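Please take a look at the assembly below. The report that follows goes through chain contacts, domains, helix packing and a few single residues.

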6 protein chains.
Amino acid sequence: MGTRIQFINPFGTDDYNALIAETMTPYLRPGTVLDVTNTTDCPVNIDYYYNKHLVETVVLEQVMRAEADGYDAVIVGCCYDPGVRVARELVDIPVVGPLEATMLMAPYYGHDYVLVTDHHKAVPYLRDLVRLYGGTGCRHVSCIDWWVVDMIRDTEGVARDALAATRRVMEEKGAEAVILACTIISASTEKWLRDSGAARELTILNPNTMALKMAESLADLKAQGLYNISRRGFYAKPEQHDAAEFAAVRARYGRLPGRRGAA
Amino acid sequence: MGTRIQFINPFGTDDYNALIAETMTPYLRPGTVLDVTNTTDCPVNIDYYYNKHLVETVVLEQVMRAEADGYDAVIVGCCYDPGVRVARELVDIPVVGPLEATMLMAPYYGHDYVLVTDHHKAVPYLRDLVRLYGGTGCRHVSCIDWWVVDMIRDTEGVARDALAATRRVMEEKGAEAVILACTIISASTEKWLRDSGAARELTILNPNTMALKMAESLADLKAQGLYNISRRGFYAKPEQHDAAEFAAVRARYGRLPGRRGAA
Amino acid sequence: MGTRIQFINPFGTDDYNALIAETMTPYLRPGTVLDVTNTTDCPVNIDYYYNKHLVETVVLEQVMRAEADGYDAVIVGCCYDPGVRVARELVDIPVVGPLEATMLMAPYYGHDYVLVTDHHKAVPYLRDLVRLYGGTGCRHVSCIDWWVVDMIRDTEGVARDALAATRRVMEEKGAEAVILACTIISASTEKWLRDSGAARELTILNPNTMALKMAESLADLKAQGLYNISRRGFYAKPEQHDAAEFAAVRARYGRLPGRRGAA
Amino acid sequence: MGTRIQFINPFGTDDYNALIAETMTPYLRPGTVLDVTNTTDCPVNIDYYYNKHLVETVVLEQVMRAEADGYDAVIVGCCYDPGVRVARELVDIPVVGPLEATMLMAPYYGHDYVLVTDHHKAVPYLRDLVRLYGGTGCRHVSCIDWWVVDMIRDTEGVARDALAATRRVMEEKGAEAVILACTIISASTEKWLRDSGAARELTILNPNTMALKMAESLADLKAQGLYNISRRGFYAKPEQHDAAEFAAVRARYGRLPGRRGAA
Amino acid sequence: MGTRIQFINPFGTDDYNALIAETMTPYLRPGTVLDVTNTTDCPVNIDYYYNKHLVETVVLEQVMRAEADGYDAVIVGCCYDPGVRVARELVDIPVVGPLEATMLMAPYYGHDYVLVTDHHKAVPYLRDLVRLYGGTGCRHVSCIDWWVVDMIRDTEGVARDALAATRRVMEEKGAEAVILACTIISASTEKWLRDSGAARELTILNPNTMALKMAESLADLKAQGLYNISRRGFYAKPEQHDAAEFAAVRARYGRLPGRRGAA
Amino acid sequence: MGTRIQFINPFGTDDYNALIAETMTPYLRPGTVLDVTNTTDCPVNIDYYYNKHLVETVVLEQVMRAEADGYDAVIVGCCYDPGVRVARELVDIPVVGPLEATMLMAPYYGHDYVLVTDHHKAVPYLRDLVRLYGGTGCRHVSCIDWWVVDMIRDTEGVARDALAATRRVMEEKGAEAVILACTIISASTEKWLRDSGAARELTILNPNTMALKMAESLADLKAQGLYNISRRGFYAKPEQHDAAEFAAVRARYGRLPGRRGAA
């Protein structure tokens, strides 16, 4: 039967799906099925926190539907890890954020690392995530000042800038690895590395791949009866408190794909 | 003219407005007008993060409208500080979260403090806020395990439990002050203290009052041309990047009070 | 009646009073009276810790006298926050240090900030204060290597150097705001900004203004019966333990303005 | 072909192999082969750091041999993660320590957790590992004061004490999950849970299982050409500097299983 | 010739000199001469920060005189380490604070430790010192609620309470050693241990002794030309900037023993 | 009789003994006898962690023999502090690591410091030690990229590079002192400073000398009955648990100098 994982591109458009699918497929383990989807009826980028917030509402609904549809795990495809913690409150399948997964895998790749993300607005936000996630190995957060809507038109330019920034920041900070902390930067760079056949000299962590590996592991644990996420506090489910209220809230206020357009 | 401050009860009902207004009014400085409002067309509590997320969408819209309506500052009335950071991205008037404001004022009241909040689910969330806000003086986060919907029916019971927990936790942790880190707990306790005329022996910080004082100060600074919040990164505004896109996103996806019900 | 605030220039001379008064007066709220005073019969600068220590003795006496004279709050006008914590042990009116007040207000202005202070000797001292105050948003402490006695003779030069350092350090550290962590640097820069009418592009926090706003808020709280600073530990008052001993100690060893000169 | 993983029981005896094999086998993913081995010709426990140091020499040799024998990944089966970081210097296959792997997976199971380990001597050592690994979610390190040699004779007693300690410490610390930070405690508890069919109410993380999942993931990444651990610093290999010297050192001083006994 | 060390009891009375001398003398190394002195013409305790501040002025003068008198090192005998950092600005001989010295030596005695100090007011102050000194090994700060003036009348009672608190707090916090963080508590306990001949089962660190050992070491380094404390920043000397001003300030405002009484 | 200290060069050769002896001897206090020895029958450098691990086994044996031979303290002469913590488990005499000792003494020399070590591989390792030791004063870890085997052939080149790096890094980081965090770098620099008679302008801390001073102090404390290192946890001795087992383990597996060669 295999493991079914849904990767939700939160950007409100299917523009990025092919790039993600193309660069992740080579790394599926046998038996894993990866469906790359995207949010709909929401802003088409999440660069600003307002957009991010609106998009997250759709992400939450989509994660709940993924569980209902029998997916074994979900990846929310953006290094803001948008909606990930809230989504864990709602479903019993694992919900994986690319940044968190990559920071967790990073110790296997080197003593410390830097983050290179997209634009300057993301830098302080990622610094906060690093603080919350406990990234003792993180030595710096930097950016290349691209917006995602531009990246998809010039993935090679993105790769070139990302690699240049990586070399410079690793040198300046004496770091051993880099996390390309934007799913589109990392996909663009992965694509260029594969297409060009360039040697992978630097230790570059691709959050999409790391999220995939983490999702596969957690899906295994779930199937084996071992993904009993604690419901004692942070991840207590609304149903535990009042299932009817939760159902009513979701029915009335949950942003359903396609529904708003119909209204 | 005076300073106009809007206190938004985010709980999706007007049940709490009178309690808040009653317990804050005595502490307005001359010339301050406080309007206590509430979110509408959204869940009626924010105990769970899903509800919180949905409510925040309404908070964001309401903060933008408050600015348009000429308010000088806004307080989002819950110690999750819901939507506060996102709202700062959107408006040029100060947006105050009660927990943050109180943690910032706390050093004037003692060397360190404990937090006492409502229910066990809030405890880890507040621990994360403490980490992000940099609360070196915070020695513990505790709760009294009440839900807001129950509190409003028995404010005296809330006050009694809050004071008992405060005494116990301050003793155990050797702390000098307490932050009653729930706007309804603190309002209930304030009400009881005023009604009973009990001596204020313990150093109890009421986030509603602290948020009010902070809002008054920031409103002054704004009026004096000194509230030039940095728009270089974290709080860069969507309009700076693409004003038309922002307007379209807001028009299409912003949750407007009353609008959803009409759809 | 209004709020009476005393701003004590601790530098042992009245040379700085006019500059401070001139640059703070525009930011008084209606009803606030600000008296700018200075320490006397003590060293004329506090650049070195020895001088600072001697000056603080006078500050402590002056704060106690301010309370006796009916002031509602006191600001000790130097970013070393000299004597501030000790003074809180002694009086029941709020005692505000400019650095602490500004660090507490900084989150409303940006995600993080740098400090730019006067000379290299102050840098490690401010780093320690940042650690004690819990400045998670502080990304760097830098200086312009001026001494206060020189500043007063060339406030424009100070402003020029402060602005240049601000631009450079904010860029290097990717910070969103700056705290000009010296009351005379910030007054000089404020004066230049006002006199020149230059646009306030950068988010520059002036500790004098922030201390003023904090003092006004705390004075309100005091007047409203809400400034019950904890006397359980750090700020326990000597009178609580032995009022007669305290009176005797103060009478015999407190440095009184003018008294030593008479001896 | 599948993934071949070697789990090295470092305790210098095969006494624990059956327990480990029995409790891990149910969690292998299809295609994974797990070989449970043990160190030989070394002390029969690693309770004291001297023993641990001697055992680690054998672990290092055994990890190198595992790579030569074609294993895809190695787990060093003790929550001291003995020799793990040094071993990564020596081989290109992933080397997994159970404690680190579990701390990295823990955020998927709850907001925070406590550690419960074997005896009091291990507690400060684990506190140091927590500091190095960056465990912001770790709220406490506790122990049940058993030694491994006693555990194997009474695995049920171990399980009972571990579960009791877990309940008590989670309650006291308000934690959401527990890591049973000793491979034999966790195996004993797992055995008891399976044998008794008791419900898994508490969120108990078993380091053996987590190490297995991490090893499977990293073995995948290795097979896919993506396990390019950084050799720029911490994990630079001796061969990079002087391959002949390394070979000579290993031949002369590496502790080989069986060899010393022969001398 | 030997090493001449002055131990300054800062308490403004000679009441404590005999106890200190009696309990330190057994630990002098051959050739060390220890002179136990006290501050004069200042408050007779430093329990409150006001008193502490006034006393420190005398300490500073006394340290300068000790250097002039040819002492090789000075210990300021109180665990507030009163005036120590300021004094280092003024003299080229080592100035040792008992708490700092003991925290620095503590790693040789155990993995971690607790502090037990005199009264509740000292607890938050010591927490701040721990933060500034970087005490990663410090697990708790506790007190026995005695004042020094009472201690000298009942040193045995102090010892009894200190040992009881030590046992309790070490147990509760799982700590391996204790620092009796008050020079009079530690002297009282040392006296009782010697007089009673009780076994020294617990690892109790006596700040007086640790300060002595540190002073001896630093005096050696000084004599060997190796105590070149950095004068680049924090410890830059006033004379470096303006020697005449410093001399004038000291002459006019330095509190000289006996001089004030004469005025 | 005096104090007998053994300084163990762990590098597996006597090549470095003369340099160490020559540069430490001037700083012995009267009565101290320093024996500089080296490990034997082990790798001749500890640049890589594998070598370091093998060498440490010999260090442990040699420390136990030093205690048996009546030494009063031991210094393990490398800034990795190799085997130091394990050795403390085994003997009752003080075991001093040069890096730890120097970090502990550093506060007497300046507010903060940088580390300059040998090669890039050591940098992340020292960062970890700084984290474990609690180095709040450490502002940076840097290196000069020399290997010890090259240093001994050109000690003047080492000194030149170390001093250049020191000047550069202190300037860049605004630090007040430097720890030359490699025993051979610091010995080479000390030799050059002595031979050239150059002024010691910079505050350079030599770990060999600091370790010597710490060893002398701890040896005094030991002789005075005050070195009762806690045996409650981290440093509990194997003999406490099972003396016969420990003796058997040591006899069978402890690497003895010369013994392996004989095998």
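Chain C and chain D make no contact; 16 Å separates their nearest C-alpha atoms. This is a predicted model, and the values here are computed from it. Chain A and chain E are not in contact either, with their closest C-alpha atoms 16 Å apart.

Chain D and chain A do touch, and each gives 34 residues to the contact. On the chain D side, α4 (98–105) and α9 (207–223) each supply at least two residues. The most comes from α9(D), with seven residues. By class, the chain D side holds 13 nonpolar, 13 polar and eight charged residues.

The contact between them uses 18 residues from domain 1 of chain A and 20 residues from domain 2 of chain A.

Which elements give two or more residues to the domain 1 side of this contact? They are α1 (17–24) and α9 (207–223) of chain A. The largest share, four residues, comes from α1(A). The domain 1 side divides into 10 nonpolar, four polar and four charged residues.

## Helices α4 and α9 of chain A

Helix α4 (residues 98–105) of chain A crosses α9(A) at roughly 80°, and the axes come within 8 Å. Angles of 65 to 115 degrees count as roughly perpendicular.

From α4(A), the contact residues are A:Pro98, A:Leu99, A:Ala101, A:Thr102 and A:Met105. They meet A:Pro207, A:Asn208, A:Met210, A:Ala211 and A:Met214 of α9(A). The contact of α4(A) with α9(A) has eight nonpolar and two polar residues, and no charged residues.

## Helices α7 and α8 of chain E

In chain E, helix α7 (residues 155–173) packs on helix α8 (residues 183–196). The angle is about 95°, and the axes are 8 Å apart. That makes α7(E) roughly perpendicular to α8(E).

On α7(E), the contact is made by E:Thr155, E:Glu156, E:Val158, E:Ala159, E:Ala162 and E:Leu163. On α8(E), it is made by E:Ile185, E:Ser188, E:Thr189, E:Lys191 and E:Trp192. The contact of α7(E) with α8(E) has six nonpolar, three polar and two charged residues.

## Helix α7 of chain D

Several residues of α7(D) are buried: D:Thr155, D:Val158, D:Ala159, D:Ala162, D:Leu163, D:Ala165, D:Thr166 and D:Met170. Just after α7(D) comes D:Gly174, with a positive phi of about 60°.

## Two aspartates with positive phi

Most residues other than glycine have a negative phi. A:Asp81 has a positive phi, near 50°, and is not a glycine. A:Asp81 sits in the loop between β3 (73–76) and α3 (84–90) of chain A. Is A:Asp81 buried or exposed? The cut-off for buried is 20 or more other C-beta atoms within 10 Å. A:Asp81 has 24 C-beta neighbours inside 10 Å, so A:Asp81 counts as buried.

F:Asp41 also is not a glycine, and its phi is positive at about 55°. F:Asp41 lies in the loop between β2 (32–38) and α2 (49–68) of chain F. With 18 other C-beta atoms within 10 Å, F:Asp41 is partly exposed.

## Leu34 of chain E

E:Leu34 belongs to strand β2 (residues 32–38) of chain E. E:Leu34 has 19 other C-beta atoms within 10 Å, so E:Leu34 is partly exposed.

Leaving aside residues up to four places away in sequence, E:Leu34 touches E:Ile5, E:Phe7, E:Met24, E:Thr25 and E:Leu28. E:Val55 is 21 residues from E:Leu34 along the chain, and their C-alpha atoms are separated by 22 Å.

Conventions: Residues numbered from 1 in each chain as written. Chains lettered and ligands numbered in written order. Predicted model: local features only at pLDDT ≥ 70, side-chain atom pairs only at ≥ 80, totals over all residues. Contact = placed C-beta atoms within 7 Å. Nonpolar A, V, L, I, M, F, W, Y, C, P; charged D, E, K, R; others polar. Axes fitted to C-alpha atoms, helices over the stretch in contact; angles between N-to-C directions. Parallel < 35°, antiparallel > 145°, perpendicular 65-115°, else oblique. Buried ≥ 20, exposed ≤ 12 C-beta atoms within 10 Å, placed from the backbone.
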